[in-house]
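Subject: Structure for your attention, with notes

Dear colleague,

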Amino acid sequence: MPYIKYYDVKNIPGVTCETGIQLNENNLCSYSCKKTLCKCNNLGYNTKHGFFCNKHIKYTFKEDEEIEKIDNKDLLNCKKLPIYQLKKLLKQNNLKQTGNKEDLIIRILINKIDYTI
Ligand SMILES: [Zn+2]
């Protein structure tokens, strides 16, 4: 059984394996480094955002479902907040503060953090 982060499969040594995902070999991770423009080319799997490997996946299947449920009104309200405020909210909730503004907003909304002050 392959270890696929997207579907929240638990990584259990001896049961799952990090590499050699038994999927179509043509499904390579489409991530490329912004600095060096190097392609990842690890075996990936199909997500709503393209083909990605465990290392470069942005959102899990569960998170993708939450993204679909995000209210447009919430999104617009959240966009009005400055980046430092968004990062502060994430920090208070022990979440990653990486990514662009859009990433921060989505992370706040899928984790159902109260962003109103
Ligand atoms: Zn990758």
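What share of the contacts in the protein chain with a separation of 6 or more is accounted for by residues 24 or more positions apart? The share is 33%. Please bear in mind throughout that this is a predicted model.

Overall layout. The protein chain has four helices and two strands, and read along the sequence these follow the pattern β-β-α-α-α-α. Of its 117 residues, 17% count as buried.

Nonpolar cores. The largest nonpolar core has eight residues, namely Tyr-6, Cys-29, Tyr-31, Leu-43, Phe-51, Phe-52, Cys-53 and Ile-57. If residues up to four places away in sequence are left aside, Ile-57 touches Lys-5, Tyr-6, Thr-47 and Phe-52, and of these Tyr-6 and Phe-52 are also listed in that core. There is also a second, separate core of six residues, which includes Cys-78, Leu-89, Leu-104 and Ile-105.

Helix α3 against helix α4. Two packed helices are described by the angle between their axes and the distance between the axes. For helix α3, residues 83-92, and helix α4, residues 101-110, the angle is about 40 degrees and the axes are 10 Å apart, so α3 and α4 are oblique to each other. The crossing of these two helices is left-handed. On the side of α3 the contact is made by Ile-83, Leu-86, Lys-87, Leu-89 and Leu-90, while α4 contributes Lys-101, Leu-104, Ile-105, Arg-107 and Ile-108. Sorted by class, the residues of this contact comprise seven nonpolar and three charged ones, with no polar residue.

Helix α2 against helix α4. The axes of α2 and α4 come within 10 Å of each other and cross at roughly 130 degrees, and α2 and α4 are therefore oblique to each other. Here the crossing is right-handed. The residues that make the contact are Asp-74, Leu-75, Cys-78 and Lys-79 of α2, together with Ile-105, Ile-108 and Leu-109 of α4. This contact has five nonpolar and two charged residues, and again no polar one.

Lys-79. This residue lies in helix α2, which covers residues 72-79. Lys-79 counts as exposed because it has 11 C-beta neighbours inside 10 Å, where 12 or fewer is the cut-off for that class. The C-alpha atoms of Lys-79 and Lys-101 are separated by 8.1 Å, although the two residues are 22 residues apart along the chain.

Asn-41 counts as exposed because it has 12 C-beta neighbours inside 10 Å.

With kind regards

Methods
Residues are numbered from 1 along each chain as its sequence is written. This is a predicted model: local features need pLDDT of at least 70, side-chain atom pairs count only at pLDDT 80 or more; totals for chains, interfaces and linings use all residues. A residue is buried if 20 or more other C-beta atoms lie within 10 Å of its own, exposed if 12 or fewer, and partly exposed in between; C-beta atoms are placed from the backbone. Two residues are in contact if their C-beta atoms, placed from the backbone, lie within 7 Å. Axes are lines fitted to C-alpha atoms, for helices over the stretch in contact, and angles run from 0 to 180 degrees between N-to-C directions. Angles under 35 degrees count as roughly parallel, over 145 as roughly antiparallel, 65 to 115 as roughly perpendicular and the rest as oblique. A crossing is left-handed if the near helix is turned anticlockwise from the far one by less than a right angle, and right-handed if clockwise. Ala, Val, Leu, Ile, Met, Phe, Trp, Tyr, Cys and Pro count as nonpolar, Asp, Glu, Lys and Arg as charged, and the others, Gly among them, as polar. A nonpolar core is a set of buried Ala, Val, Leu, Ile, Met, Phe, Trp, Tyr and Cys residues joined through C-beta atoms within 7 Å.
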